[in-house]
Amino acid sequence: MADKFFNQLTGLPLEYQHVVESEMARRRLMSRAFKAYAGVPNSPMVPRRSEPDDSVNLAWARLIVDKGANWLFGRDISLEVTPGLRSERAEEWLKKAWPVEQRMLQLLKLATNGGIAGQAYAKIVADGEFPRLVIIDPMTVTPTFSPDDIEQVVRYKIQYPAVNPADGKPITFTQVHERNAGGTWTITDTTENDRNQVISRREYEWPFAFPRSEEHTSELQSRFGI
């Protein structure tokens, strides 16, 4: 077995350092892409000292991304209830849970994120009468893949800075989704203050696995009465 090489400053294996550097590079690329979409790309020319900048920035990125998103979701799409749930009650529930106006707006946002960043994320939040679909900023999400299967995600980490509505102070919110052996997920929500002290922490199970199984279908029916 070959000896591992370590960073002399951090004491961590170089393999870990390479993973961190790769993630930082991925975020830098997405940041540049979002700036290009907003019409503020890097200047194509570097002017000489004391000379005017003759660069002309054209926001082609927005035109290309918006055209692609509109091609995907520029018109209403139809949804069908999963076989086995087909009924007037289930159809009515679907219309109330995800109205067409909200559906198309969210799908356009999802497609736009994908066109800019190359990846798009959304999560289902089941905390009320109906489950909600939440579109997530792809720059806040770090996926972890199975070492021997790039198509198998075993962990999602969502992390971003925010403001505590209680006192107006800065906080960091972290949500980690860990895949369990049975295919379900364990979710951990953590909120830290600006001194990296944990303010709150909550762990709970997401009992569904995707693709869906009949067991999860019956649980979903029971939960939301469909």
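Two strands are taken to pair if DSSP finds at least two bridges between them. Helices (H or I, at least four residues) and strands (E, at least two) are DSSP runs, numbered from the N terminus. In strand 6, for instance, aspartate 189 is the bridge partner of glutamine 175.

The model described here is predicted: local features need pLDDT of at least 70, side-chain atom pairs count only at pLDDT 80 or more, and totals for chains, interfaces and linings use all residues. Residues are numbered from 1 along each chain as its sequence is written, and side-chain values use heavy atoms, with hydrogens and water left out.

## Overall composition

The chain contains five helices and seven strands. Along the sequence, these elements follow the pattern α-α-α-α-β-β-β-β-β-β-β-α. Of the 226 residues, 27% count as buried, a class that means under 20% relative accessible area, with exposed meaning over 50% and partly exposed in between (1.4 Å probe, protein chains only). Contact means heavy atoms within 4.5 Å. Among the contacts in the chain with a separation of 6 or more, 35% come from residues 24 or more positions apart.

Strands of a sheet pair through backbone hydrogen bonds, either parallel or antiparallel. In this model, five strands form an open sheet in the order 3-4-5-6-7, with antiparallel pairing. Strand 3 (141–146) and strand 7 (198–206) are the edge strands, each pairing on one side only. From one strand to the next, the twist averages 15 degrees; axes are lines fitted to C-alpha atoms, for helices over the stretch in contact, and angles run from 0 to 180 degrees between N-to-C directions.

| Strand pair | Sense | Bridges | A bridge pair |
|---|---|---|---|
| Strand 4 and strand 5 | antiparallel | nine bridges | lysine 157 and valine 176 |
| Strand 5 and strand 6 | antiparallel | nine bridges | glutamine 175 and aspartate 189 |
| Strand 6 and strand 7 | antiparallel | eight bridges | threonine 186 and glutamate 205 |

Strand 4 covers residues 149–163 and strand 5 covers residues 170–179, while strand 6 covers residues 185–193. Strand 6 is mostly covered, with eight of its nine residues buried.

Two hairpins occur in this part of the chain. Strand 5 and strand 6 form a hairpin with five residues between them, and glycine 183 in the turn has a positive phi of about 100 degrees. Strand 6 and strand 7 form a hairpin with four residues between them. In the loop between strand 6 and strand 7 lies asparagine 196, whose phi is near 65 degrees, a positive value in a residue other than glycine. Asparagine 196 is exposed, with a relative accessible area of 60%.

Valine 141 lies in strand 3 and is buried, with a relative accessible area of 1%. Leaving aside its neighbours within four places in sequence, valine 141 is in contact with Glu23, Arg26, Tyr121, Ile136, Tyr156, Lys157 and Ile158. Valine 141 and threonine 174 are 33 residues apart in sequence, and their C-alpha atoms are 9.9 Å apart in space.

## Helix 2 and helix 4

Two packed helices are described by the angle between their axes and the distance between the axes. The axes of helix 2 (residues 60–73) and helix 4 (residues 100–117) come within 9 Å and cross at roughly 140 degrees. That angle makes helix 2 oblique to helix 4; angles under 35 degrees count as roughly parallel, over 145 as roughly antiparallel, 65 to 115 as roughly perpendicular and the rest as oblique. The crossing of helix 2 and helix 4 is right-handed, the term for a near helix turned clockwise from the far one by less than a right angle, with anticlockwise being left-handed.

On the side of helix 2, the contact involves Val65, Ala69, Asn70, Leu72 and Phe73, which meet Met104, Leu107, Leu108, Ala111, Thr112, Gly115 and Ile116 in helix 4. By class, this contact of helix 2 with helix 4 has nine nonpolar, three polar and no charged residues. Here Ala, Val, Leu, Ile, Met, Phe, Trp, Tyr, Cys and Pro count as nonpolar, Asp, Glu, Lys and Arg as charged, and the others, Gly among them, as polar.

## Serine 50 in a loop

Serine 50 is found in the loop between helix 1 (14–37) and helix 2. Its phi is near 70 degrees, a positive value in a residue other than glycine. At 78% relative accessibility, serine 50 counts as exposed.
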